[in-house]
Amino acid sequence: AKMETTTSATTTTINTGGLHSVEVNPRHHILNRAFALIYLFAILVLFYNHILKLLNSTNSFVTFSISFSILISDLILAFMWTTIQSFRMRPLTRQQYPEKITKNFSNEINNFPALDIFICTADPYKEPPLNVVNTALSVMAYDYNPIEKISIYVSDDGGSELTLFAFMEAAKFAAYWLPFCRENKIIQRSPDAYFNSNYTENSETEKIKLMYENMKKRIEEVIERGKVDEDYINNEEELQALTKFWTSGFTRHNHPSIIQVLLESGKDKDITSLGLPNLIYFSREKNKNSPHHFKAGALNALLRVSGIMTNAPIILTLDCDMYSNDPSTPQRALCYFLDPKLRPNLAYVQFPQTFHGLNEADIYASEIKGLFLTNPIGMDGLNGPNYVGTGCFFHRRAFFGTPSSFEQPEIPELFPDHVVIKPIKAQEILQRAHYVASCNYESESNWGSKMGFRYGSLVEDYYTGYRLQCEGWKSVFCNPKRPAFLGDKPISLYDVVSQNKRWSVGLLEVAFSKYSPLTFGVQSMGLVRAHCYTHYAFWPIWSIPLTLYAFIPQLTLLNGVPIFPKVSDPWFFLYVFMFLGAYGQDCLVFMSNEGTFKRWWSDQRMWMIRGLTSYLFGTIEYLTKHLGISTKGFNVTSKVVDIDQGKRYHQGIFEFGVVSPMFVILATTSIINLVAFLKSLAQIVNGDQNLDGIFIQMFIAGFVVINCLPIYEAMILRSDKGRMPTRVTIFSTFLACTLYMAFAFLLGNM
């Protein structure tokens, strides 16, 4: 296909062959780079000032320690700011033309690649099976011809009969739901999302809704009972499936592999006699003596089992709560996979992770716009975005070596070009699938190191994408106007910071490994791209400057000790520029990507909250883990929605409600900053203090106070279950007083 380039006053559009195009904005590149140079010069001047202060310091060790702490904080802030600029060097946007797929390839429609879809779940009580069912039904109903080329694999790492029962019900409902979506050209193909939208009411719709409600009722009743009673079982096949594996010795940590084919394409039909996609329930073998490598291990087991059963060249990975919001999404991915220029080196096509039901201000910054949108746009101009764990179409070949060097799996059936001839229910196929799902299969193999999803980090998505790009693979960011996928958001602050703490541990595992982006990454992919991955890997070290800036300026302010330049000092304007420059750039990038000021404010507030909670405690957990001290294992984030929590969330009210060390730090910070600000304000009003010398410290304390308003409300004004626990408030007050007295003692002996 011929490549065409068109240029307007502000943008350049490159048509790469008809199925997709690329748009770049040279002016943005120039402005970003110019600002980066100016700000970098300001950073160098700031460190010159720091060094002068340290060299000229003749005071006590305490004063030197304070100055040195601020220097370390500014060094880390400068390092993180420098790495984030890599995302802004060459951002680009893409456009796909899926409507041309059928037109241009009408004679090859049956040669479209087969598609294997992986959906992972782990706990039926934290990840309700009904949600997983809705996700599966939404992708089973894709506009993909022929539909028989789609295979859905549900990996249940909890090994729960409740989840299997839910999918037995889903398989029966699919025979009605898929033709309903097809004949009525439904766009919203998750049943729950559709019936909660402004759908057209008629007899057909009411009939299908009644069927869905009946299925929903049966699934929820089984979950409530905690077991599948015989009166819920419809036939002998279901009875055998539910009793064959779940015996008295079965536990979620010790059980054989389970593979249950619920729908077989080419054999099972919908109510219009058209084919249905494959639907396979799967739970890998587990025992306590074998490492299971969390989600990465589950995905690799899926990779092998699907290789034996269907071996589709394209794989879609989805979180259990991330349902399809656009039935044409596979065609959008094919716009890139079918491009002969991209195909040889294209590992994956990543779609944004988007959430439904966010409140107006997005109080927990669940969008994570930097990670899921603005940064991938920037990385797309540097050979592709990182993998974010869901909404990603992979080329199966990418899991077996580099683009130019094939890593052979142990058996020929796992070769990515192997053609499966026998039906998926054939005894030979099922036996081989159970074999590759055994917990000892990976022993002394390259799985997790040179093949498949990579082991060595709790953030297997980030690590796998990073390693693939180090091997020479490229990726593409596909961001259509209509979100391709929509997921559930956490509605409690504890869930948010706990999830981020887990990410922090995993990121540090990469940052300080032999594959660190600072060393291995720079050698493998160059400085600019490696800096993108470096920024993520070192996210948790935000905790150092944020924690120090949350306490040192305020505690010195309480004791009347100035540590920053006066307003009348020319150095003061350097601090003003650096604050406004960093925050202004961040706000501009956020709002230029369909953001609002309210949501940007929530985003920067959550950055500070994560720094004092997730990043800090994640760093501590990483250190204790490497010192051999036992820490908690992988925890699944709850997807269950409490009604009262949901109401408070939609009202924009923060949810605390549990006693946690992370909340103690937050409450202590809020108390110290409030007292420091009010005391200094009172001293200025009374004429006991000069604003000129303490303005920056007061500004920092006041800025933190404004960001802590939801915390003060939760500590003092609220009486609901989501308020800050009284024990946390009392202990935090005691801790704040202790810190104040300790600093008063130290500063009094300077």
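Contact is taken here to mean heavy atoms within 4.5 Å. The structure is a predicted model, in which local features need pLDDT of at least 70 and side-chain atom pairs count only at pLDDT 80 or more, while totals for chains, interfaces and linings use all residues. Residues are numbered from 1 along each chain as its sequence is written, and side-chain values use heavy atoms, with hydrogens and water left out.

Thr310 touches Asp116, Ser151, Tyr153, Asn278, Val420 and Ile424, residues up to four places away in sequence not being counted. The position of Thr310 is in the loop between helix H9 (294-309) and strand S9 (314-319); helices (H or I, at least four residues) and strands (E, at least two) are DSSP runs, numbered from the N terminus. The side chains of Thr310 and Asp116 are also joined by a polar contact of 2.9 Å. A polar contact is a pair of N or O atoms within 3.5 Å; within protein, one must be able to donate a hydrogen and the other to accept it, and residues adjacent in sequence count only if both atoms are side-chain atoms.

In the unreviewed UniProt entry, the annotation "active site" covers Asp157 and Asp461. UniProt positions are given in the numbering used here, feature names are shortened, and annotations may be inferred rather than shown by experiment. Asp157 occupies the loop between strand S6 (150-156) and helix H5 (161-184). With a relative accessible area of 9%, Asp157 is buried; the term denotes under 20% relative accessible area, exposed denotes over 50%, and partly exposed lies in between (1.4 Å probe, protein chains only). Neighbours within four places in sequence aside, Asp157 is in contact with Thr121, Ala122, Arg252, Arg284, Lys286, Phe294 and Ala298. Asp461, by contrast, is part of helix H13 (residues 460-470). Asp461 is buried at a relative accessible area of 16%, and touches Tyr387, Val388 and Gly389 when residues up to four places away in sequence are not counted.

Backbone geometry was also examined. Most residues other than glycine have a negative phi, and most peptide bonds are trans. Phe294, one of the residues in contact with Asp157, has a positive phi of about 55° although it is not a glycine. Phe294 is placed in helix H9 and is partly exposed, at 32% relative accessibility. Ala365 likewise is not a glycine, yet has a positive phi of about 50°. Ala365 lies in the loop between strand S11 (346-350) and helix H11 (369-380), where it is buried at 3% relative accessibility. The peptide bond from Asn145 to Pro146 is cis, with omega near -5°, and Pro146 belongs to the loop between helix H4 (129-140) and S6.

Residues 30-49 are 100% helix and 0% strand, with end C-alpha atoms 29 Å apart. For residues 728-747, the chain is 100% helix and 0% strand, and the end C-alpha atoms lie 28 Å apart.

Val567, Leu691, Phe695 and Phe699 make a nonpolar surface patch of about 290 Å². Patches are made of residues with over 30% relative accessible area and no salt bridge, like charges being joined within 9 Å and nonpolar side chains (Val, Leu, Ile, Met, Phe, Trp, Tyr) within 5 Å. A salt bridge is a side-chain nitrogen of Lys or Arg within 4 Å of a carboxyl oxygen of Asp or Glu. Accessible areas come from the Shrake-Rupley method with a 1.4 Å probe; for residues, only the protein chains shown count as cover. Val567 is in the loop between helix H17 (543-558) and helix H18 (571-591) and is partly exposed, its relative accessible area being 30%.
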